[in-house]
Amino acid sequence: MTATHRGRVTIVDACTHRGRGGSPTAVLIGSHGLDDDARRAIVHEAGTSHAAFVDTDTATVRFFTTHGELANCGHGTIAAQAFLLHRSQAAECHGRQRTGGRAFDTTAVQRDGGIEVWFGQGLIELQGSVPAGLDEVLGALGIGPDAVADDDAPAVASPGTPRLLVPVNTTRILLTLQPDLPRLAAACRRHGYLGCFVYTTSPLRDRTVARMFAPAIGVGEDIVNANSTGCLSRGR
């Protein structure tokens, strides 16, 4: 975790790799009295894709983008719990977070390179049939069915909100994607998807690379999406 303060808002880089990168997430403690429009405005003013609003009295965390509230947010949870540990100046903290009608355990530990956070993602629903609107989404991504990996298949995964998982054949296809974001947003809204998690796996390196597009919730491309990563690991 790295953090930058802007007034009452702290910007936390969640899911860093060796202390670098990560997804900037706004964290605000004690947001009593704010309505949803004010929360959305704070996300806009912070210049982040997401914000976590923490009520320490009830251990409740709510997540917003500029478009509205999310049922849950993986990297937002990491950001919130990392900041709470940093704020407490403790070496380790075991807590319980309430988000989207669910309560789950959290652990945050101070490490040499930052703060490590663990939490229970909960049950993930996987739909094995051909996803609704698949051709429409592929078209919005700028690819056809021939780009989909031969040894894998698209699926819908939901840790609370459905998203489409799309495996592609090569890293080159993945890295050169230039989606039509308005078209993708419309397709995702039409079929009830939060977004589209496109990935490829290298059998030689045993490594998966992915990109998350979620224009339907106001996030053209997400830097990191922890919940979708969790969905992928459960689905493989």
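Me: How are helix axes and the angles between them defined?
Reply: Axes are lines fitted to C-alpha atoms, for helices over the stretch in contact. Angles are taken between N-to-C directions and run from 0 to 180 degrees.

Me: At what angle do helix 3 and helix 5 pack?
Reply: This is a predicted model, in which local features need pLDDT of at least 70 and side-chain atom pairs count only at pLDDT 80 or more, while totals for chains, interfaces and linings use all residues. Residues are numbered from 1 along each chain as its sequence is written, and side-chain values use heavy atoms, with hydrogens and water left out. Helices (DSSP runs of H or I, at least four residues) are numbered from the N terminus. The axes of helix 3 (residues 134–141) and helix 5 (residues 181–191) lie 8 Å apart, and the packing angle is about 160°.

Me: Which orientation does helix 3 have relative to helix 5?
Reply: Angles over 145 degrees count as roughly antiparallel, under 35 as roughly parallel, 65 to 115 as roughly perpendicular and the rest as oblique. The angle here is about 160°, which makes helix 3, relative to helix 5, roughly antiparallel.

Me: Which residue in strand 5 is the bridge partner of Val-54?
Reply: Two strands pair if DSSP finds at least two bridges between them. Strand 4 and strand 5 (residues 60–65) pair in the antiparallel sense over five bridges. The partner of Val-54 is Val-61.

Note on methods:
Helices (H or I, at least four residues) and strands (E, at least two) are DSSP runs, numbered from the N terminus.
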